[in-house]
Amino acid sequence: MTMRTRPLGTTGPQVSALGLGCMGMSALYGEADRAESVATIHAALEAGVTLLDTGDFYGMGHNEMLIGEALRTAPAARREQALVSVKFGALRGPDGGWSGYDGRPAAVRNFAAYSLQRLGVDHIDVYRIARLDPDVPIEETVGAIAELVEKGYVRHIGLSEVGAETIRRAAATAPISDLQIEYSLISRGIEDEILPTTRELGIGITAYGVLSRGLISGHFTADRQLGAGDFRAMSPRFQGDNLRHNLNLVEALRKIAEQKGVSVAQIAIAWVLARGEDIVPLVGARRRDRLTEALGALDVSLEAADLAAIEEAVPPGAAAGDRYPAAQMAHLES
């Protein structure tokens, strides 16, 4: 496996062809082993992964501190190659509940100050609000990040889960490196308006959920028991008939993967990689074995016949159920 690089848009840095999404090491997917999480980050850096993605609200700061620990204990050369992307803005309570988003300029500066401290760094490589604050124009939020760029606390400005109009307004305010948004074989909503817009403006895509939270990894089974703190226990795609339908799609994909001599996860990641050099998939591996499997996707070459077979097995719109529960879907523009 040879790690390639891709541009994070026309204004962003060169990053590894795959990034590591670290959220699951702290929140929303059940218990995680801290030592194994740190070892997985170290293994990713050693393999040439440069992009580490987090959010200041993942485990209420736990994830940033975890990444900070991993960076402090990594070899200096590996630590220096790491680029950290941070989402901010989500408001949470002591009980773990969610209460909206805050994109006011004063809040942007406040969130950044705490993130820099928890991460143990002097700058954040890519900074973005996690969801649009409906009460604050995107121009004000992006403008505040731009001020942090001018002062050296942030290197690049990103966006997350916003629609085409908001992307244009943000890009008219300051240079935008990338849009982080869900994109996978069963989440293809960006293809109609959002992806053409980002390509027109030279903005990259950081694709999360490329395995749809494990649903199309080839490892999820219908009888799997999910803990109360696991997001998937509430996710529409993991419920009842929806789950059975979606796992049938996975089995259709498995047949193609077996013909290629690769795993289901590898072919699903390779499909996202094949969608364009402007798309960087984030893999949410929490363990080294899952990371190794994901990195194997870099060696999977999909020919036209393979892509056609994948499209037939999992056509656009084939998934049953929304990406998020209804209350969370209300915060999405895409």
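1. Let's start with Leu179. Setting aside residues up to four places away in sequence, Leu179 touches Arg128, Leu159, Ser160, Glu161, Val162, Ile167, Ile194, Thr198, Ile203, Gly204, Ile205 and Thr206 (contact means heavy atoms within 4.5 Å). Please keep in mind that this is a predicted model, where local features need pLDDT of at least 70, side-chain atom pairs count only at pLDDT 80 or more, and totals for chains, interfaces and linings use all residues. Residues are numbered from 1 along each chain as its sequence is written, and side-chain values use heavy atoms, with hydrogens and water left out.

2. Leu179 also belongs to the largest nonpolar core, which has 94 residues; Leu20, Ile41, Tyr127, Leu159, Leu179 and Ile269 touch the most other members. Such a core is a set of buried Ala, Val, Leu, Ile, Met, Phe, Trp, Tyr and Cys residues joined through side-chain atoms within 4.5 Å; buried means under 20% relative accessible area, with a 1.4 Å probe and protein chains only. Helix α9 (residues 264-273) gives this core its largest share, 9 residues. A second, separate core of 10 residues includes Leu8, Phe231, Leu282 and Tyr324.

3. Now to strand β12 (residues 279-283), where 5 of 5 residues are buried. Helices (H or I, at least four residues) and strands (E, at least two) are DSSP runs, numbered from the N terminus. From β12, Ile279, Pro281 and Val283 point one way and Val280 and Leu282 the other way. In a regular strand, side chains alternate between the two faces of the sheet.

4. Helix α8 (residues 240-260) holds Ile256. Ile256 is buried, with a relative accessible area of 9%. Beyond its neighbours within four places in sequence, Ile256 is in contact with Ile267, Ala309, Ile310 and Ala313. Ile256 and Ala309 lie 53 residues apart in sequence, yet 7.3 Å apart in space, C-alpha to C-alpha.

Definitions and conventions:
Buried < 20%, exposed > 50% of the residue type's maximum accessible area, 1.4 Å probe, protein only.
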